[in-house]
Amino acid sequence: MGVSQRTRIQMLLKQLHLLLLLFQCDKVELLKKIVNSVSKVKKNLPFTVAEHPIGLDEAVNDFEMTIQSAEHHHPVHIIVGLWGMGGSGKTTLAGEYYNNKYKTMEKSSFVFDVRDAANKSVLHAKQKELLEALGLKDVRVDTIEAGKGMIASRLKSVRVLLVLDDVDDVEQLDALLPYKDSLGQGSLIIVTTRDLEVLRSWGISTVYKMKILDPHHAEQLFCWYAFSQPSPLQRFQSLGKDFLNVCGGLPLSLKVFGKQLNGNTSKDYWKQQLEISRLLPRDIRESLKLSFDALDDEEKEIFLDIACFFIGEEKSTVLDVWDGSRWNGLHSWEKLFNKCLVELDDGERIKMHNHLRDLGREIANQQSPYRIWFPYQVIEVYNETQSIRIRGIASTTTASRIGFEESPQCSSGGMIMVNTNNGPRGLTPSLLGLKIL
């Protein structure tokens, strides 16, 4: 708690103590009033959203423009979606905006981790948290349906700022924001999500897409975590740029890698960490894998195809490949796009963030049918007689184009290395099932 915040509470306590002395009120009753007043002050205090808020003011101003534009079309109340990939800073941006605006509203609430609460079957606890923020004390919520009615009734009568953070299903919105058309005059609702389809399905038309940090702000954020200053140490400038390329402007990545390197002034250590950077740190991997795990089986296969073979290829060409596999390629592509797992550049060529690419290749290398995207690739099998199915093989020229050098041990027609219980051996795999060459 900051100094100014403690001062406000101390002044409040002194004032209440004076009242006790002047009026000799019942001490028990006054104590209850003190507790309620202090709780109210604490609840309305802003929370810390970022240790190093680099580029946050610019993002808030940009987000504000989206909200102002929405006001012209929805003068009664505004519901806006904040959409972006895992680790892009959605919660941070929503939190900073909330801190700036909550004092202008009658009531306010920031409901964190909605998806996690739903997965743990405790969404009714989030309903109770929201109702208490809206002014209903000691409320009991036994079922989600009961909570809906109470929330709807309360939201009609107040001007509220409400943030629903990390939503991944329309049922979660139905539970926490029922009867959205009857919100109080001037209310503002912000929904953060990784999935654009959730917003569209629920009728939210105003959507702000998170932007990755520009190179200048990305360097500053990385350096604050890596060097505890906004610029790199002189002898680490080149290595710092290499890490910035790996992170691709993703705030979570810049923070995790920066912290991992902080305090270590060995260039050899930095080079070693750069070499293994495709083995994603746990925090980054877990954040990104949530979106992958939410895909169905066919969508997962298409994601792995893109990560291994199709970055930089024209979307129309790749759709033909998936049609050849009798997959609904266009539908699955839309699913991946809506979850911020893929993008297109101005030439309609497929893009994917470096970390998503590395996650996909890591997953693809652990399961059959295998995708051979690296010229000297090791496949793990349990025994020599196990059949190996191949989904696709990238030629040496393709592997080089997408960012890998040709291995001296393997030319474009070379053997694939298979690691069995008896040790590594060369294998020319059966082409049964091969779809991509």
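A crossing of two helices is left-handed if the near helix is turned anticlockwise from the far one by less than a right angle. In the predicted model described here, the crossing of helices α6 and α7 is left-handed. Helix α6 spans residues 123–133 and helix α7 spans residues 144–155; their axes come within 9 Å and cross at roughly 20 degrees. Angles under 35 degrees count as roughly parallel, and α6 and α7 are therefore roughly parallel to each other. On the α6 side the contact is made by L123, H124, Q127, L130 and L131, and on the α7 side by I144, G147, K148, M150 and I151. Sorted by class, this contact of α6 with α7 has six nonpolar residues, three polar residues and one charged residue. Some spacing in such lists follows from helix geometry: an α-helix has 3.6 residues a turn, so residues three or four places apart point the same way.

The chain as a whole can be described by a few totals. Its secondary structure comes to 19 helices and 12 strands. The protein chain has 437 residues, and buried residues make up 46% of them. Of the contacts in the chain with a separation of 6 or more, 72% are accounted for by residues 24 or more positions apart.

Residues I284, R285, L288, K289 and F292 of α14 make the contact with H355, L356, L359, E362 and I363 of α18. By class, the contact of α14 with α18 has six nonpolar residues, one polar residue and three charged residues.

Both α14 (282–293) and α18 (354–364) are also included in what covers the buried residues of helix α12, as are α10 (215–227), α11 (237–247) and α13 (267–275). Helix α12 runs over residues 251–261, and its buried residues are P251, S253, L254, V256, F257, G258 and L261. One of the residues in helix α12 is G258. The relative accessible area of G258 is 0%, and G258 is therefore buried. When residues up to four places away in sequence are not counted, G258 touches F222, Y225, A226 and S253. The C-alpha atom of G258 is separated by 7.9 Å from that of F227, although the two residues are 31 residues apart along the chain. Helix α12 is followed by G263, a residue with a positive phi near 85 degrees.

Most residues other than glycine have a negative phi. Y179, although not a glycine, has a positive phi of about 55 degrees. The place of Y179 is in the loop between α8 (170–176) and β4 (188–193). With a relative accessible area of 60%, Y179 is exposed, because the cut-off for exposed residues is over 50%. C340 is another residue other than glycine with a positive phi, here near 60 degrees. C340 lies in the loop between α17 (329–338) and β6 (343–344). The relative accessibility of C340 is 10%, so C340 counts as buried; the cut-off for buried residues is under 20%.

Two further buried residues make polar side-chain approaches. H77 is found in the loop between α3 (56–73) and β1 (78–83). At 15% relative accessibility, H77 counts as buried. A polar atom of the H77 side chain lies 3.3 Å from the backbone oxygen of K180. Leaving aside neighbours within four places in sequence, H77 is in contact with K180, D181, L183, G184 and S187. R391 has its place in strand β10, which covers residues 390–393. The relative accessible area of R391 is 4%, so R391 is buried. The side chain of R391 makes a polar contact with the side chain of D305, at 2.7 Å.

Technical notes: Residues numbered from 1 in each chain as written. Predicted model: local features only at pLDDT ≥ 70, side-chain atom pairs only at ≥ 80, totals over all residues. Heavy atoms only, no water. Axes fitted to C-alpha atoms, helices over the stretch in contact; angles between N-to-C directions. Helix = DSSP H or I, 4+ residues; strand = E, 2+ residues; numbered from the N terminus. Parallel < 35°, antiparallel > 145°, perpendicular 65-115°, else oblique. Contact = heavy atoms within 4.5 Å. Nonpolar A, V, L, I, M, F, W, Y, C, P; charged D, E, K, R; others polar. Buried < 20%, exposed > 50% of the residue type's maximum accessible area, 1.4 Å probe, protein only. Polar contact = N/O pair within 3.5 Å; in protein donor to acceptor, adjacent residues only side chain to side chain.
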